[in-house]
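Hello,

Please read them with the model open.

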Amino acid sequence: MKNIRFIVQPGGSLKGKIRVPGDKSISHRSIMLGSLAEGTTTVTGFLEGEDSLATLRAFQAMGVEVEGPVEGKVTIKGVGLKGLKQPSYPLNMGNSGTSMRLLSGIVAGQNFSSELTGDASLSKRPMNRVIDPLALMGAKIESQDRGLPPLKIQGAGQLKAIDYTLPMASAQVKSCVLLAGLYAQGTTRVIEPAPTRDHTERMLRGFGYQVTSRKLDDLASEITLEGGGKLQATHIDVPSDISSAAFYMVAASIAPGSDLVIEHVGINPTRTGVIDILKLMGADITLENQREVGGEPVADIHVRAAQLKGITIPEALVPLAIDEFPVLFVAASAAEGTTVLTGAEELRVKESDRIQVMADALQALGIDAQPTEDGMIVQGGTQKPQAAQIISHHDHRISMAMTVAGLKAVAPIAIEDCANVNTSFPRFIELANSVGLQVASVEV
């Protein structure tokens, strides 16, 4: 892969209105459920990034007719729950953990075998967390050592329903088990120890499938569905991705004089941890024009510059902001005082070890950031970031987070290995420059 380097000039403030790309989680699920539905599903606002396109291509390889995406519009001719065909080659999930984990649940219930592969980064991510429950349901799955991809999945045709308590709060594992539950005899029940994003449950209901959710206590919930039903085609309007909006929320918070509106952002309560954390730090964020689109709550997010302060991040918010921590560490570095994150060991098994990689990146800028086993301690506001060359380890969220950090630096910073930004946020640089950042992307 060619190396793309971002070069960030310091200074500037963010002004204007922008719309960031469609939500990646919802884009993935729209293709999956649209393919398994009966009838033709239309999707607007689809994220045309590499991860979502990997999901789209996988279903085309299993015989589903998909038109688009053209300017975010996709048309899916569903084949029904039992209509997928055996792919003639391994399904390449690229860099997408969501594609691999959720698709595992679907192909485990088919009458054919399939192989799921990925790029070098995905091939290092743990898949035992989905292999274990699927094996309990009757699927036969071969993996590399320690449950690493590629995965060879011998579909069981008819799976057994299970009661499964998630060992960690993970929307991907929950979704994998629920999607396998569509192919199981009986009632599949998943208990999650803390809230995680609930796009799968909401979208299943949007396709007319009955899913029951109930709270067991302050944190834990139980989600149940019966196997063997039908999905009915529908229309899905994908809201903008709050994980992509987060980079601009932090940038507008820390750049003096900023006044920015990010339009049509999904504010699903299982995803708004980033807003809650930034508000606890003193950010000036208001939600305007709140409405519901296709079962998902949406708002325009209005952010003005504010002096942030360091906080101890409540552990209950950690699963609700798990993808946003790279840029939240940048917010912490610009805040006055100490920010402490605990309970986030999940960050160590993302596209990179996001705790270590972000600590290294912030330290390279001269910021006091100490990694811990399950989080980080950041001393903010002590000095302005220095010029540095940052290694992003091909992790798109590290690249974008450090672009935001460059706003406060005393001199330009360079960020290496940024090609993967296109996996989740096409046009990131273009949008950044349109609202007042100064970032160049160069091929080296």
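Arginine 427 sits in the loop between α12 (421-424) and α13 (428-434); helices here are DSSP runs of H or I with at least four residues, strands are runs of E with at least two, and both are numbered from the N terminus. Although arginine 427 is not a glycine, its phi is positive, at about 70°. Its relative accessible area is 47%, which makes it partly exposed (buried is under 20%, exposed over 50%, partly exposed in between, with a 1.4 Å probe and protein chains only).

This is a predicted model, in which local features need pLDDT of at least 70, side-chain atom pairs count only at pLDDT 80 or more, and totals for chains, interfaces and linings use all residues. Residues are numbered from 1 along each chain as its sequence is written, and side-chain values use heavy atoms, with hydrogens and water left out.

Histidine 394 also has a positive phi, near 60°, and is not a glycine. This histidine is in the loop between β23 (389-391) and α11 (396-405). With a relative accessible area of 38%, histidine 394 is partly exposed.

One runs from glycine 68 to proline 69, with omega near 5°; proline 69 is part of strand β4 (residues 65-70). The other joins proline 149 to proline 150, with omega near 0°, and proline 150 belongs to the loop between β8 (140-142) and β9 (151-154).

For context, most peptide bonds are trans, and most residues other than glycine have a negative phi.

Regards
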